[in-house]
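Please consult the structure while reading.

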Amino acid sequence: MRFCLALLLLVIGLVPARADVVDTALNRAIAQLEDALPQLPAELFEVDIAAYRGALTFRKFASRYWGGTVSLQVVEANGEETSCNRFAAFVRLPPQAGSVSLVLCPQFMTEGADALRTLTILHEMVHVVAGPDECRAMAFAARIEYAATGRFTDVARYWNANSCEGSGFSLP
Ligand SMILES: [Zn+2]
């Protein structure tokens, strides 16, 4: 009985915390985009800003890239996602039946810095609206961060690992 009670408290304690972590990351990403918007063109690195904002803020967007209207589901990994061995979050592409999923892995929940989670959301949202190109996703997310805050997270290692130097995309 004592064990059950402890378990129950653990579950009650955990659920709001996880939801809070996800909501905080999403809300900060939304806020950064809103701050950046006045400085952004209609299209940046071939990412349609209106579609991007729709995906991030309203989880629904009209997509010239995929065609039609696409809705976004934000889901937690079910524990059998092999992609979670390599990523904190990933997007299942292409969309199926007008729906695309952003999967949040255990690593996403345990990362210490909220700033890194926010950047991850900004990055993954590029995949949601504009496909799998890693260099585009990194360049775009860094540009949003920079426009909103005047600085951007150092992604040099990831940038080099993906050979983004000759990609045509660039960091701020
Ligand atoms: Zn990516």
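Two residues are in contact, or touch, if their C-beta atoms, placed from the backbone, lie within 7 Å. The model is predicted: local features need pLDDT of at least 70, side-chain atom pairs count only at pLDDT 80 or more, and totals for chains, interfaces and linings use all residues. Residues are numbered from 1 along each chain as its sequence is written. Helices (H or I, at least four residues) and strands (E, at least two) are DSSP runs, numbered from the N terminus.

Q: Which residues does V126 touch, not counting residues up to four places away in sequence?
A: V126 is among the residues that α4 brings to its contact with α5. With residues up to four places away in sequence left out, the residues that V126 touches are V47, R136, A137, F140 and A141.

Q: How do the axes of α4 and α5 lie relative to each other: parallel, antiparallel, perpendicular or oblique?
A: The two axes, lines fitted to C-alpha atoms over the stretch in contact, with angles from 0 to 180 degrees between N-to-C directions, come within 8 Å and cross at roughly 130 degrees. Angles under 35 degrees count as roughly parallel, over 145 as roughly antiparallel, 65 to 115 as roughly perpendicular and the rest as oblique. The helices α4 and α5 are therefore oblique to each other.

Q: What is the hand of the crossing in which α2 passes α4?
A: The axes of α2 (residues 49-58) and α4 (residues 114-130) come within 9 Å and cross at roughly 120 degrees, which makes α2 oblique to α4. A crossing is left-handed if the near helix is turned anticlockwise from the far one by less than a right angle, and right-handed if clockwise. The crossing in which α2 passes α4 is right-handed.

Q: Which residues make the contact of α2 with α4?
A: The residues of this contact divide into seven nonpolar, no polar and no charged. They are A51, Y52, A55 and L56 of α2, together with M125, V128 and V129 of α4.

Q: Which residues of α2 are buried?
A: A residue is buried if 20 or more other C-beta atoms lie within 10 Å of its own, exposed if 12 or fewer, and partly exposed in between. In α2, the buried residues are A51, Y52, G54, A55 and L56.

Q: Is A130 buried or exposed?
A: A130 is placed in helix α4 and touches E46, V47, Y65 and R136, not counting residues up to four places away in sequence. Because 22 other C-beta atoms lie within 10 Å of it, A130 is buried.

Q: What is the phi of E46?
A: E46 lies in the loop between β1 (43-44) and β2 (47-48). With 14 C-beta neighbours inside 10 Å, E46 counts as partly exposed. Its phi is a positive value in a residue other than glycine, near 65 degrees.

Q: What is the phi of R59?
A: R59 is placed in the loop between α2 and β3 (60-62). R59 is partly exposed, with 16 other C-beta atoms within 10 Å. The phi of R59, also a residue other than glycine, is positive and near 55 degrees.

Q: Where is the peptide bond that is cis, with omega near -5 degrees?
A: The proline concerned, P94, lies in strand β5. The cis bond runs from L93 to P94.

How values were computed
Nonpolar A, V, L, I, M, F, W, Y, C, P; charged D, E, K, R; others polar.
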